[in-house]
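Let's take a walk through this structure together, one piece at a time.

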Amino acid sequence: MAQSSSQTTIVFVVVALICAFVPAFSVEEAEAKSLWDTCLLKISPKCALDIIGVVFENLTITDACCHDLVQEGKMCHDTLIKYIAEKTHLVAHETEYLKKSDDLWTHCVSISQTA
């Protein structure tokens, strides 16, 4: 089971990297890619993978990563998750992923407020 989860994580990392470097074909994708690039510069790669893991794989996130996410802002978080969730092989479950993304945001805000 752990190996399957690791393989899934690797797949999402590859998808994220491909999405980051594939030329955008619409204005919306160009804007999302620009914000994606900006957010990835401010959040550590480990934290970005943790966020993706929580939303797309039911993994957990550290308090430190929650603090980084909240500092980055909701617009950044929402755009990154939506950008990934709209990919052809994930779009069927986009609503589920966006709910999990909102739940993660709420959790991280509560963690940040108690610190």
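An axis is a line fitted to C-alpha atoms, for helices over the stretch in contact, and the angle runs from 0 to 180 degrees between N-to-C directions. The crossing of α3 and α6 is right-handed, a word used if the near helix is turned clockwise from the far one by less than a right angle, with anticlockwise giving left-handed.

Before going further, a word on what you are looking at. This is a predicted model, in which local features need pLDDT of at least 70 and side-chain atom pairs count only at pLDDT 80 or more, while totals for chains, interfaces and linings use all residues. Residues are numbered from 1 along each chain as its sequence is written, and side-chain values use heavy atoms, with hydrogens and water left out.

Now step back to the whole chain. Its secondary structure comes to six helices and zero strands, so named because helices (H or I, at least four residues) and strands (E, at least two) are DSSP runs, numbered from the N terminus. Read along the sequence, that gives the pattern α-α-α-α-α-α. Of the 115 residues in the chain, 38% are buried, where buried means under 20% relative accessible area, exposed over 50% and partly exposed in between, with a 1.4 Å probe and protein chains only. Take the contacts (heavy atoms within 4.5 Å) between residues at least 6 apart in sequence: 70% of them join residues at least 24 apart.

Back to α3 and α6, then. On the α3 side you'll find I51, V54, V55, F56 and E57, and they meet Y97, K100, S101 and L104 in α6. Sorted by type, the residues of this contact come out as six nonpolar, one polar and two charged. For that sorting, Ala, Val, Leu, Ile, Met, Phe, Trp, Tyr, Cys and Pro count as nonpolar, Asp, Glu, Lys and Arg as charged, and the others, Gly among them, as polar.

Which aromatic pair is tilted? A search of the whole structure finds one aromatic pair, and F56 and Y97 form it, tilted, at 4.5 Å centre to centre with 55 degrees between the planes. Rings of Phe, Tyr and Trp (its six-membered ring) pair if their centres lie within 6.5 Å, and planes under 30 degrees apart count as stacked, over 60 as edge-to-face and the rest as tilted. The pair links distant parts of the chain, with F56 in helix α3 and Y97 in helix α6 (residues 94-114), 41 residues apart. Both F56 and Y97 are buried.

Next, look at how α3 gets along with α5. Helix α3 (residues 45-57) and helix α5 (residues 74-85) pack at an angle of about 55 degrees, and their axes are 11 Å apart. That angle makes α3 and α5 oblique to each other as well, and α3 passes α5 in a right-handed crossing. The contact involves I51, I52, V55 and F56 of α3, together with H77, I81, I84 and A85 of α5. Its residues divide into seven nonpolar, one polar and no charged. I52 of α3 is buried, at a relative accessible area of 10%. The C-alpha atoms of I52 and I84 are separated by 8.9 Å, although these residues are 32 apart along the chain.

That leaves α5 with α6. Their axes come within 10 Å and cross at roughly 155 degrees, so α5 and α6 are roughly antiparallel to each other. This crossing, too, is right-handed. K74, H77, D78, I81, K82 and A85 in α5 meet E94, Y97, L98, S101, D102, L104 and W105 in α6. The residues of this contact divide into six nonpolar, two polar and five charged.

Finish in the loop between α3 and α4 (63-72), where N58 is found. Most residues other than glycine have a negative phi. N58 has a positive phi of about 65 degrees, although it is not a glycine. N58 counts as exposed, at 60% relative accessibility. T60 is found in that loop too, and T60 counts as exposed at 68% relative accessibility.

Terms used:
Parallel < 35°, antiparallel > 145°, perpendicular 65-115°, else oblique.
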